[in-house]
Amino acid sequence: MIQETSKIWMDGRFVDWKEANIHVLTHTLHYGLGVFEGLRCYKGEKGSAIFRLKEHVKRLYDSAQIVQIKIPYSPQEIEEAIIGTVKVNRLEACYIRPIVFIGYGEMGLYVQKNPIQVAIAAWPWGTYLGDDGIRNGIRAKISSFTRHHVNVSMTRAKVTAYYANSQLAKREAKEVGYDEAILLDTDGYVAEGPGENIFIVRNGTLKTPPLTSILEGITRNSIIELAQEKGIPVAQERFSRDEIYIADEAFFTGTAAEITPIREVDGRIIGTGKPGGTTIQLQKSFFDIVAGKDSTHQSWLTTLT
């Protein structure tokens, strides 16, 4: 269950958690056209800070632009509302969910007069795939469900409806005993997890799928930057499922998943079956930054002052 907090920001004002309601005929509830983001606020040595706030807000606006939704607030107003939501709820560390959706009014596939609504909630939420997964890795399964085709769904947008595909893949994996799914693209190459980007390490090179049929992950971008700083070769290129099977290491990245090692895929042990050296090195760098122990990427953190 979500751990309830005190207030949710809705359409320019804070309302009580239990009063943050919408009409049952809200357009996005029926047709799925809405955009959202996920951010984390971390408690660090110098106080709490939101990880890559501006980049997440920029992606929210990019998603809205792609699907022709006009957000009725400026990016600065949304940034301030996100910070305010964390502060009003007195949270030191939390997950943050902004969502933009088409509100109550006309029904049908083409509406022009319905209000565009925005809500921002924040609550304590631990590691998405579990603390043990962070430490020891998870078991994943190649899904029978395919990642959206770029001419069916515009995959650069983080759209609410797209996650029906992700839920089906996740359900399938969980119901046969795995922790997470891995989706292939429509050409049969590895794409991403239901809510994560994926990396492998093979022969000393860090590989991740290119930005063709995947979401442009902000944690993904951070890990690529950190790897390049450490002199780790990085390749953004397609690879097949069997290359995961023979990889030395594999891991997921994402706001919710952070950096979660993958120890097994489809019954095949990856590498030694434990988080590998590159994964551990990048994981440590990431957590040192968000905890304020490493000051090399101060621009990634928005402190709550």
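Q: In this predicted model, does Arg147 count as buried, partly exposed or exposed, and at what relative accessibility?
A: The structure is a predicted model, and buried here means under 20% relative accessible area. Arg147 has a relative accessibility of 8%, so Arg147 counts as buried.

Q: Where does Thr155 lie, and which residues does Thr155 touch, not counting residues up to four places away in sequence?
A: Thr155 is buried, with a relative accessible area of 4%. Thr155 lies in the loop between strand 8 and helix 5. Not counting residues up to four places away in sequence, the residues that Thr155 touches are Arg147, His148, Val150, Thr212, Ser213, Ile214 and Leu215.

Q: How many residues apart in sequence are the parts tied together by the pair Glu216 and Arg156?
A: The side chains of Glu216 and Arg156 meet in a salt bridge with an N to O distance of 3.5 Å. Glu216 lies in the loop between strand 12 (205-208) and helix 6 (218-229), while Arg156 lies in the loop between strand 8 and helix 5, so the parts tied together are apart in sequence by 60 residues.

Q: Are Glu216 and Arg156 buried, partly exposed or exposed?
A: The relative accessibility of Glu216 is 39%, and the relative accessible area of Arg156 is 38%. Buried means under 20% and exposed means over 50%, with partly exposed in between, so Glu216 counts as partly exposed, and Arg156 is likewise partly exposed.

Q: Which residue forms a salt bridge with Glu243?
A: Glu243, in helix 7 (residues 241-245), is linked to a residue in strand 11 (residues 197-202), and the two are 41 residues apart. The closest N and O atoms are 3.5 Å apart, and the partner is Arg202.

Q: Which residues are linked with Arg202 in a network of salt bridges?
A: A search of the whole structure finds 19 salt bridges, among them the one between Glu243 and Arg202. In the network, Arg202 is linked with Lys207, Glu237 and Glu243.

Q: Which residues touch the most other members of the largest nonpolar core?
A: The largest nonpolar core holds 31 residues. Strand 4 (39-44), helix 2 (53-66), helix 3 (75-88), strand 6 (94-102) and strand 7 (116-123) each supply at least two residues of this core. In soluble globular proteins, nonpolar side chains tend to be buried together. The members that touch the most others are Ile50, Ile78, Ile82, Val86 and Ile96.

Q: Which residue in strand 6 is the bridge partner of Leu39?
A: Strand 4 and strand 6 pair in the antiparallel sense over three bridges. The residue in question touches Leu39, and among its other contacts are Ile50, Ile82, Val86 and Ile120. The bridge partner of Leu39 in strand 6 is Ile96.

Q: How many bridges join strand 6 to strand 7?
A: Strand 6 is mostly covered, with seven of its nine residues buried. Strand 6 pairs with strand 3 (residues 34-36) in the antiparallel sense over three bridges, and in that pairing Phe36 stands opposite Ile99. Ile99 also stands opposite Ala119 in strand 7. Strand 6 and strand 7 run antiparallel, and the number of bridges that join them is eight.

Q: Is Leu109 buried, partly exposed or exposed?
A: Leu109 lies in the loop between strand 6 and strand 7. Together with Val24, Leu25, Leu29, Tyr31, Tyr104 and Met107, Leu109 forms a nonpolar patch on the surface, with about 730 Å² of accessible area together. The relative accessible area of Leu109 is 76%, and Leu109 is exposed.

Q: How many Å apart in space are Gly177 and Glu37, C-alpha to C-alpha?
A: Gly177 is placed in the loop between helix 5 and strand 9 (180-184), and at 46% relative accessibility Gly177 counts as partly exposed. Gly177 and Glu37 are 140 residues apart in sequence, and their C-alpha to C-alpha distance in space is 29 Å.

How values were computed: Residues are numbered from 1 along each chain as its sequence is written. This is a predicted model: local features need pLDDT of at least 70, side-chain atom pairs count only at pLDDT 80 or more; totals for chains, interfaces and linings use all residues. Side-chain values use heavy atoms; hydrogens and water are left out. A nonpolar core is a set of buried Ala, Val, Leu, Ile, Met, Phe, Trp, Tyr and Cys residues joined through side-chain atoms within 4.5 Å. Buried means under 20% relative accessible area, exposed over 50%, partly exposed in between (1.4 Å probe, protein chains only). Contact means heavy atoms within 4.5 Å. A salt bridge is a side-chain nitrogen of Lys or Arg within 4 Å of a carboxyl oxygen of Asp or Glu. Patches are made of residues with over 30% relative accessible area and no salt bridge: like charges are joined within 9 Å, nonpolar side chains (Val, Leu, Ile, Met, Phe, Trp, Tyr) within 5 Å. Accessible areas come from the Shrake-Rupley method with a 1.4 Å probe; for residues, only the protein chains shown count as cover. Two strands pair if DSSP finds at least two bridges between them.
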